[in-house]
Amino acid sequence: MLVLSAILGMTSAGTAFAQDAVSPVNSSLAIFTGHPKLLQERGAGEGPAWHPEKGLFTSGEGNINLRSLNGETSVYQTDSGSNGLMFDREGRLVVCEAVRRRIVRLELDGSKTVLADGFDGMKFNQPNDLSIDSVGRIYFTDPQYGDRSNMELVDEAGKHVEGVYRIDPDGTVSRIIAHEVDRPNGLVVTADDRSLFVADNNNGLGGARKLWRFDLKANGSVDLSSQTLVHDWGTTRGPDGMKLDQQGRLYVAAGLNEPHLPQETAEQPTAGIYVFSQEGKLLDYLRIPRDETTNCAFGGDDLKTLFVTAGGTLWSVQTVAAGAPVFPSRSSK
């Protein structure tokens with residue numbers, strides 16, 4: 001038996017969970033209906049996004065790649081330098097171009113619009129992941145992994161900022177989180193626009209590996225005083241990308257199967273998808289036998305296929321509940 005609390009810490013409620021490394025936490029609450037299936041050995045490092053007519057888009061090997069509805073793979077856009085991907089309500093692909101340090105949108109006519117490339121006259125770090133609320137506001141994280149010598153963003157005191165930002169429909173860019181999160185990675189806005197979940201994944205020695213929840217105000221700003229710890233992965237790899245299902249449950253990619261010493265440990269395999277209630281209870285865990293589990297997205301005709309990216313590979317698993325992507329909209333299902 002793998003005692004997750006011993007390796008990963010406890011939920012904010014202090015509840016410990018014990019489970020086999022592959023089996024659900026509680027079979028009566030099982031959310032996955034089968035075992036993960038390997039679909040691709042390469043090309044799917046990050047950013048899965050489902051389009052009901054085209055298939056699954058992923059970031060990998062410097063490109064945006066497409067896995068068609070019949071399983072054929074191709075390069076959709078070369079040299080994109082992308083990470084997080086997400087379709088907006090009009091079916092336009094919004095892209096975190098980490099290499100070019102900007103957020104762009106691929107329009108339906110094939111053109112590209114730069115939505116944001118900096119804040120207060122300073123270039124972003126590495127836009128990583130994004131989420132879109134019900135009125136079209138785009139929320140994205142801007143961490144810095146690897147070489148930090150080219151970081152421009154600093155606060156008024158001159159301290160480097162790895163923050164969370166919001167792009168409003170009129171193009172206004174606001175910083176909504178500065179130092180409350182150590183190194184923000186994945187994030188998601190709930191369907192009612194009232195909560196923002198942020199993955200805090202600092203892979204440096206002693207860095208934070210935590211999942212946080214914040215209250216959102218009606219104007220899209222964050223109530224920083226509401227910051228609540230949902231889960232702490234301790235010294236293994238922390239949370240990365242995440243998605244919601246139509247029941248409001250949160251699916252988080254996290255963990256490691258092999259340690260990255262000295263900064264990240266893995267006494268037991270912990271890589272996979274962790275499913276939480278919005279109150280912070282760990283409901284289920286699906287092990288993915290490949291490092292690193294980076295992100296996930298719902299797709300398929302009924303939105304009950306969860307696609308998982310892990311170390312460039314792509315996996316799928318069936319779920320009981322349908323996902324809740326912005327596009328295609330829930331109302332169309």
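Buried means under 20% relative accessible area, exposed over 50%, and partly exposed in between, with a 1.4 Å probe and protein chains only. Keep that cut-off at hand for this tour of aromatic rings.

The model is predicted: local features need pLDDT of at least 70, side-chain atom pairs count only at pLDDT 80 or more, and totals for chains, interfaces and linings use all residues. Residues are numbered from 1 along each chain as its sequence is written, and side-chain values use heavy atoms, with hydrogens and water left out.

Rings of Phe, Tyr and Trp (its six-membered ring) pair if their centres lie within 6.5 Å; planes under 30 degrees apart are stacked, over 60 edge-to-face, the rest tilted. The count by this rule is 13 aromatic pairs.

**Stop 1.** Select Trp50 and Phe307. The two rings are stacked, 5.7 Å centre to centre with 15 degrees between the planes. Trp50 sits in strand E4 (residues 46-51) and Phe307 in strand E27 (residues 305-310), so the pair ties together parts 257 residues apart in sequence. Strands are DSSP runs (E, at least two residues), numbered from the N terminus. Both Trp50 and Phe307 are buried.

**Stop 2.** Go to Phe124 and Phe140. This pair is edge-to-face: 5.1 Å between centres, 85 degrees between planes. Phe124 lies in the loop between strand E13 (122-123) and strand E14 (130-132), and Phe140 in strand E15 (residues 138-141), 16 residues apart. Phe124 counts as buried because its relative accessibility is 0%. Phe140 is buried too, with a relative accessible area of 0%.

**Stop 3.** Select Phe57, Tyr76, Phe87 and Phe327. They form one aromatic cluster.

How values were computed:
Helices (H or I, at least four residues) and strands (E, at least two) are DSSP runs, numbered from the N terminus.
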